[in-house]
Amino acid sequence: MTEDVVPRQTTPPDSVQRLKRNAVGTFGVIFMAVATAAPITAMVGNVPIAVGFGNGSHAPAGYLVATTVLGLFAIGYATMAKHITATGAFYGFISHGLGRVMGMASGMIITMAYIVFEGSLIGIFSYFFADFAATQFGISVPWLAPAILMLVLNCVLTYFDVNLTAKVLGVFLITEIFMLSLGALAVLFRGGGPEGFVVAETLNPIGAFTAAEGIVGASAGLGLFFAFWSWVGFESTAMYGEESKDPKRIIPRATMIAVLGVGLFYVFVSWMAIAGTGPQQAVELAQDPATAGNIFFDPVQATYGDWAITLFKFLLVTGSFACGMAFHNCASRYIYAMGREGLSTGLQKTIGATHPTHGSPYIASFVQSGITLVLVLAFFFADMDPYVHLYGLLAILGTMAILIVQSLCAFAVIAYFHFHKNHPSSAHWFKTFLAPLLGGIGMLYVVYLLWQHKESAAGAASGTLLFKLTPWIVVGLFALGAAMALYFKFNDKRRYELIGRVVYDDSEIRD
């Protein structure tokens, strides 16, 4: 078998602190990646919006389309992960494919995205926590209390070995998947809802591009956007490569399992929710925020009783916590990856440092906690709502950035294998060219959908200053990253050569 050997430029081994190797296996990586997608939050939070204001009862078809597009993207992404293993996944991939300037620019906005995603999930966690305390125990809890609790727990868990986080996330993830499955299986074994399984009504891919009938202002684009939004975070598999036991096999495998597994699960659960309620009734329920969640709650309650609804709402709390914790880990690793490359000696010794015992990016984690604390306090003292403002606005900001970077990463795969001619034995007309090309174009289309429907996605928060500044924040940080790279290119060539080049293997990557 022919092997391609590609030398890697990295900083000297004694100047870079590494994350703990062999710390997590395939299931651990999958747990952490899928936890960022937050299945229970994605389903209960996003499906009703897609049903009530997007593509109506065709919302499951939107998830089917999203599974296809993201699956195409993941094929190229997973292939590149076989050759480049770096904690700054997108940052490293784009640097190798599209160049260091584009890599640094992308690194800035993707780091920002993961930073604000933790704050966003703290918002929805606080909302679910306060709602659960009020409805189950009659206790009024100010949302800042659960917000601080989650922030502290995230910081503490990230301080230790990544395997501890993987185990905690694994427990939460299994319970929320179990709960969603209970409701879906109840409808399945019952033979569907009042109109049966309504396959043509819900799963026809053409319906994904059709606005819900009879709803003023409904848009298929909005439904598709919320379908894609439900996957944000699956790509985090690659950033755990350094800490996995066999990254060249585990990361590509975990990526494809996360994308396709989550996709098929989303299609099934959303299909059963609409079938169980009935297409027309599902649309009516989804249009009222007070009853939107009932398309999931009603089949569960009818089959299992009130106790199941209590459990469901409790798992919304733990599921949003798991998602926020996963994003805290992602953000900490991106901050660490950007800091350790030697672009600044001070940063390399601080945020680029790892814990001497646990091998965790503990200082970067403290920095991430500090930034998120400032964000949370700013929203709290501005008297903003944890769900409408903290969750909604930061989620839109982060999603806009991450979709742009995913698109660039898809094109970076093509450039890496076909323009730069790296690893010719892995270059393939479909896996490294056509699949990422279609996936990248699909991602750009979703960016367009977000821009077109940004006011609808933001809802009541669309009039805020942060919402109006969102695109400018993304563009500004992208330009800042590019400017930094250009500065190093013309003023410090040695440091410029380091951008995106600290990878798992110090000497070579082999097929």
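V198 counts as buried because its relative accessibility is 15%, where buried means under 20% relative accessible area, exposed means over 50%, and partly exposed lies in between (1.4 Å probe, protein chains only). This residue sits in the loop between α7 (162–189) and α8. Although V198 is not a glycine, its phi is positive, at about 40 degrees. Helices here are DSSP runs of H or I with at least four residues, strands are E runs of at least two, and both are numbered from the N terminus.

V199 belongs to helix α8 (residues 199–203). With a relative accessible area of 45%, V199 is partly exposed. Not counting residues up to four places away in sequence, V199 touches N204 and W271; contact means heavy atoms within 4.5 Å.

## About the model

What you see is a predicted model, in which local features need pLDDT of at least 70, side-chain atom pairs count only at pLDDT 80 or more, and totals for chains, interfaces and linings use all residues. Residues are numbered from 1 along each chain as its sequence is written, and side-chain values use heavy atoms, leaving out hydrogens and water.

## The chain as a whole

The chain holds 20 helices and 2 strands. Its C-alpha atoms fill a box of roughly 65 × 50 × 40 Å along the principal axes. Of the contacts in the chain with a separation of 6 or more, 83% join residues 24 or more positions apart.

Buried residues make up 62% of the 511 in the chain. The chain exposes about 18600 Å², and carbon and sulfur atoms supply 67% of that area, computed by the Shrake-Rupley method with a 1.4 Å probe.

In soluble globular proteins, nonpolar side chains tend to be buried together. Here the largest nonpolar core has 162 residues, and F90, Y114, F225, Y266, F296 and F312 have the most contacts inside it. Helix α16 gives the largest share of this core, 19 residues. A nonpolar core is a set of buried Ala, Val, Leu, Ile, Met, Phe, Trp, Tyr and Cys residues joined through side-chain atoms within 4.5 Å.

Let us look at two residues linked to this picture. T399 lies in helix α16 (residues 386–419) and counts as buried, at 1% relative accessibility. Beyond its neighbours within four places in sequence, T399 is in contact with F117, F225, W229, V232 and L450. Y266, leaving aside its own neighbours within four places, has contacts that include A37, A38, P39 and W231.

## Two loop residues

A38 lies in the loop between α1 (26–37) and α2 (39–53). It counts as buried, at 3% relative accessibility. A38 is not a glycine, yet its phi is positive, at about 50 degrees.

P356 is found in the loop between α14 (345–349) and α15 (362–381). Its relative accessibility is 73%, so P356 counts as exposed. The C-alpha atoms of P356 and E201 are separated by 57 Å, and the two residues are 155 apart along the chain.
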